[in-house]
Amino acid sequence: MKGIQTKPLVISKYFVLSLFFSLPFILLLSLRPYYHPFSTPSHKSNSQSPDLRIRPGYTSYERYIKKQLNKTLDPKLRKIWTTRDWDRKIQVFSRFFHGLKREGLLSNQSKALCIGARVGQEVEALRKIGVSDSIGMDLVPYPPLVLEGDFHNQPFRNNSFDFEFSNVFDHALYPKRFVAEIERTLKPGGICVLHVALSRQTDKYSANDLYSVKPLEALFRRSTVVRIGKIDGFGLDTEIVFRKTTNTIQRS
């Protein structure tokens with residue numbers, strides 16, 4: 001009888017000991033950092049070409065985001081964007097958007113998204129020319145003009161917008177994903193306008209360098225080129241206009 005009575009105590013003792021030694025491992029799992037699906041940049045998967053080169057040095061997606069936030073949250077830059085540069089940029093963007101309205105590529109009824117809008121000068125310009133249903137998206141929100149979002153993984157449903165504009169393509173670590181998200185959230189027949197730099201490298205926060213429009217034409221698989229033109233837009237020299245021609249597919 002004694003042997004029978006002591007067995008449960010022995011089992012209980014070993015159970016407690018195993019639980020005690022497993023606790024650090026359980027805690028480690030529960031405290032591990034959240035990793036974005038793009039944690040390990042792959043230059044091969046980015047379809048590197050002589051005309052589109054991903055800059056080296058990004059060992060994780062978190063490191064890339066941290067560098068982008070260093071610029072977006074820089075207090076000196078944010079002060080410049082919201083004071084000295086505010087009116088000037090709104091005037092320039094208004095001129096660009098007025099031209100698109102004259103071409104019939106943008107209208108007052110368009111639902112518009114500005115990608116990488118920071119403090120929203122582009123959005124304010126759209127609203128000033130009558131495109132009232134406009135919003136911006138950036139890593140850091142700036143209410144009421146800019147919502148929080150990552151352009152590699154837009155927080156919007158398929159076929160949400162009639163018009164999308166961006167002048168931050170050079171900041172995309174994953175150009176293929178950047179374009180795929182535009183085509184996913186753009187309605188069939190919708191217009192995407194990109195301002196890019198082809199003649200020179202952009203700033204130190206850029207993640208890629210573009211040397212011709214050929215890589216962009218290849219990346220926009222569900223769109224056709226409407227036109228390509230020269231601009232003078234805050235260091236950017238080329239405007240490419242795309243029209244989405246087919247329906248979207250679910251994000252991969």
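**Entry 1: terms and cysteines**

I then looked for disulfides, taking one to be a pair of cysteine sulfur atoms within 2.5 Å, and the count came to zero.

Before going on I wrote down that this is a predicted model, in which local features need pLDDT of at least 70 and side-chain atom pairs count only at pLDDT 80 or more, while totals for chains, interfaces and linings use all residues. I also noted that residues are numbered from 1 along each chain as its sequence is written, and that side-chain values use heavy atoms, with hydrogens and water left out.

**Entry 2: the sheet**

What is the order of the strands in the open sheet? I read seven strands in the order E4-E3-E2-E5-E6-E9-E8, with mixed pairing. Strand E4 (146–148) and strand E8 (223–233) stand at the edges, and each has a single partner strand, so one side of each is left without a neighbour in the sheet. From one strand to the next the twist averages 20°, where axes are lines fitted to C-alpha atoms, for helices over the stretch in contact, and angles run from 0 to 180 degrees between N-to-C directions.

Within H5 I listed Gln 121, Glu 122, Val 123, Ala 125 and Leu 126 as buried. What covers the buried residues of H5? The cover includes helix H3 (75–82), helix H4 (86–102), strand E2 (112–115), strand E3 (134–138) and strand E5 (161–166). Just after H5, I saw that Gly 130 takes a positive phi of about 105°.

From helix H4 I picked out Ile 90, which counts as buried because its relative accessibility is 6%. Taking contact to mean heavy atoms within 4.5 Å, and not counting residues up to four places away in sequence, I found that Ile 90 touches Gln 121, Glu 124, Ala 125 and Lys 128. The C-alpha atoms of Ile 90 and Val 123 are separated by 8.7 Å, although the two residues are 33 apart along the chain.

**Entry 3: salt bridges**

Side chains of opposite charge can pair when their charged atoms come close. I used the rule that a salt bridge is a side-chain nitrogen of Lys or Arg within 4 Å of a carboxyl oxygen of Asp or Glu, and the structure holds nine of them.

Lys 71 and Asp 203 meet in one at 2.5 Å, N to O. Lys 71 lies in helix H2 (residues 61–72) and Asp 203 in the loop between strand E6 (186–196) and strand E7 (208–210), so the pair ties together parts that are 132 residues apart in sequence. Lys 71 counts as buried at 11% relative accessibility, whereas Asp 203 is partly exposed at 30%.

Asp 162 and Lys 187 form another, with their closest N and O atoms 3.4 Å apart. Asp 162 is in strand E5 and Lys 187 in strand E6, so this pair ties together parts that are 25 residues apart in sequence.

I also found Arg 88 bridged to Asp 85 at 3.1 Å between the closest N and O atoms, and Arg 84, Asp 85 and Arg 88 are linked in a network of salt bridges. Asp 85 is buried at 9% relative accessibility, while Arg 88 is partly exposed at 43%.

**Entry 4: a charge without a bridge**

Last I looked up Asp 237, in strand E9 (residues 236–244). Asp 237 is buried yet has no salt bridge, and the nearest side chain of opposite charge, Lys 230, is 4.4 Å away; here Lys and Arg count as positive and Asp and Glu as negative, with His and the chain ends not counted. Leaving aside neighbours within four places in sequence, I listed the contacts of Asp 237, among them Val 196, Leu 198, Ser 199 and Lys 230.

Definitions and conventions
Buried < 20%, exposed > 50% of the residue type's maximum accessible area, 1.4 Å probe, protein only. Helix = DSSP H or I, 4+ residues; strand = E, 2+ residues; numbered from the N terminus. Pairing = 2+ DSSP bridges.
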